[in-house]
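Hello,

Here is the structure I promised to pass on.

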Amino acid sequence: MRFELTADQRLLQTATVDYLEKSAPLGVVRALHDEGRSFDRRVWQRGAELGWTSLLVPEEAGGGSVSGEGVVDATIIAEQFGRGCAPGPLAAVNVVAAALAESADADQHAGLLGRLLDGSAVAAWACCAPDRGWDPEAGAIEARPDGDGYVLHGTHDAVEDGADADAFLVLARTPEGLSQFVVDRDTDGLSVLRLESLDMVRGFARVDYAGVRVPATALVGAAGTAEAAVERQFQLAVLLQCAELVGAVERVLEFTRQWMFDRYSFGRPLASYQALKHRMADMTLWSESGQATMAAAAKAVQDRRSDAGELVSVAKSYIGQRATDIIQDCVQLHGGLGVTWEHDIHIYLRRATVNRLSWGTPSVHRRRIADLLNV
């Protein structure tokens with residue numbers, strides 16, 4: 001099951017593929033890793049011109065999508081990022097941009113939103129407590145009222161693309177309840193520590209708030225009203241991650257299938273052995289099923305349906321598990337070549353493994369489905 005793409009969506013897909021193949025092939029991914037960088041800002045800005053950052057933002061706020069279904073369009077781009085393990089803060093920037101655009105006081109943050117849309121700034125969502133994974137109750141740091149502003153204390157860990165962020169959307173708890181603040185990277189008391197990542201070009205970070213003082217205007221929306229927005233942001237982050245996994249798995253299966261036709265054993269191509277045919281058929285079925293669950297979740301999130309959270313967790317629990325299973329199997333089908341540094345398959349396995357663990361593991365999402373269903 002695949003999206004029935006419109007002509008405009010196919011143009012978006014083709015433009016993204018062409019640009020990523022020219023500007024960010026796997027050779028560039030390796031070079032960025034060697035240089036200790038996550039992505040090239042100039043490449044990212046050009047991607048913003050292609051629409052990578054504007055799909056989840058309404059036209060009146062400076063955004064817009066090619067089909068009118070921005071969530072679905074964003075998954076098209078994320079899938080191509082997965083196919084090439086492309087560098088860039090796609091999910092982080094889109095989640096923050098959507099949050100700012102949908103807030104009740106969107107005009108107050110129009111400056112940052114504009115910079116996110118044109119690619120001149122990068123923002124990350126800081127929301128996870130150390131060693132707790134995805135849990136908004138545990139992830140919310142303390143925000144204590146102080147005069148006409150707030151003082152922030154606490155730590156966020158594993159902030160995706162936080163190492164390169166110019167600003168953070170910070171999840172915090174005020175006396176009124178769950179709230180979010182926009183905090184600039186250079187604010188006094190805020191420190192950012194780049195973390196080592198299994199993914200070769202994903203700049204995770206630990207963010208510490210030691211008495212960070214922010215004005216009341218840093219609030220996104222009214223204090224204590226962020227719960228629904230946080231759930232929406234979480235759905236978007238997981239959905240884009242699942243789309244990326246779908247693209248990665250599809251690409252790995254393509255070059256593994258070709259390898260099985262090219263590689264001969266005992267005078268026959270590997271693809272001619274019945275047991276390996278069955279193995280490839282199973283993996284293809286799992287891949288197609290993953291595409292179906294992601295497509296269903298994308299439509300539900302786009303339409304803001306009541307079952308969107310459930311379907312997003314169904315997609316992550318299935319794709320998160322199957323993606324690493326499939327790629328590990330493909331490593332085995334490559335034999336000794338598959339475990340060399342020179343072969344590209346380990347780059348895909350690294351990204352799939354990181355995506356499996358971030359924004360909730362498959363087991364966490366199975367538990368979440370049970371909770372949503374009151375099981």
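How do the residues of the lining of the second largest pocket divide into nonpolar, polar and charged? There are seven nonpolar, three polar and four charged residues in that lining. Please keep in mind that this is a predicted model.

The second largest pocket has a volume of about 310 Å³. Its lining is made of 14 residues, and those nearest the centre are Glu21, Arg83, Gly84, Arg251 and Tyr348. Helix H1 (7–23), helix H4 (70–84) and helix H8 are the elements that give two or more residues to this lining.

Next, the largest pocket. Its volume is about 400 Å³. A total of 24 residues line the largest pocket, with Ala158, Phe204, Val354, Leu357 and Ser358 the closest to its centre. At least two lining residues come from strand S3 (149–159), and at least two from helix H11 (345–357). By type, the lining of the largest pocket has 14 nonpolar, five polar and five charged residues.

Searching the whole structure gives four cavities of 30 Å³ or more. The largest cavity has a volume of about 120 Å³. Around the largest cavity are 15 lining residues, and Ala91, Glu160, Arg202, Gln241 and Glu244 lie nearest its centre. H4, H5 and H8 each supply at least two of the lining residues, and H8 has the largest share, with four. The lining of the largest cavity consists of eight nonpolar, three polar and four charged residues.

H8 also packs against another helix. Two packed helices are described by the angle between their axes and the distance between the axes. For helix H8 (residues 227–262) and helix H9 (residues 274–302), the axes come within 10 Å and cross at roughly 155 degrees. Angles over 145 degrees count as roughly antiparallel, so H8 is roughly antiparallel to H9. The crossing of H8 with H9 is left-handed. In the contact of H8 with H9 there are 15 nonpolar, six polar and three charged residues.

Ala101 sits in helix H5 (residues 90–102). Is Ala101 buried or exposed? Its relative accessible area is 13%, and buried means under 20%, so Ala101 is buried. From Ala101 to Ile319 the distance is 29 Å, C-alpha to C-alpha, and the two are 218 residues apart in sequence.

Regards

Notes. Residues numbered from 1 in each chain as written. Predicted model: local features only at pLDDT ≥ 70, side-chain atom pairs only at ≥ 80, totals over all residues. Heavy atoms only, no water. Axes fitted to C-alpha atoms, helices over the stretch in contact; angles between N-to-C directions. Parallel < 35°, antiparallel > 145°, perpendicular 65-115°, else oblique. Left-handed = near helix turned anticlockwise from the far one by under 90°. Nonpolar A, V, L, I, M, F, W, Y, C, P; charged D, E, K, R; others polar. 1 Å grid on protein atoms, 1.4 Å probe; cavity = no way out; pocket = protein on both sides within 12 Å on 5 of 7 lines; lining within 4 Å. Points joined across faces, edges and corners; volume = space filled by probe spheres on them. Buried < 20%, exposed > 50% of the residue type's maximum accessible area, 1.4 Å probe, protein only.
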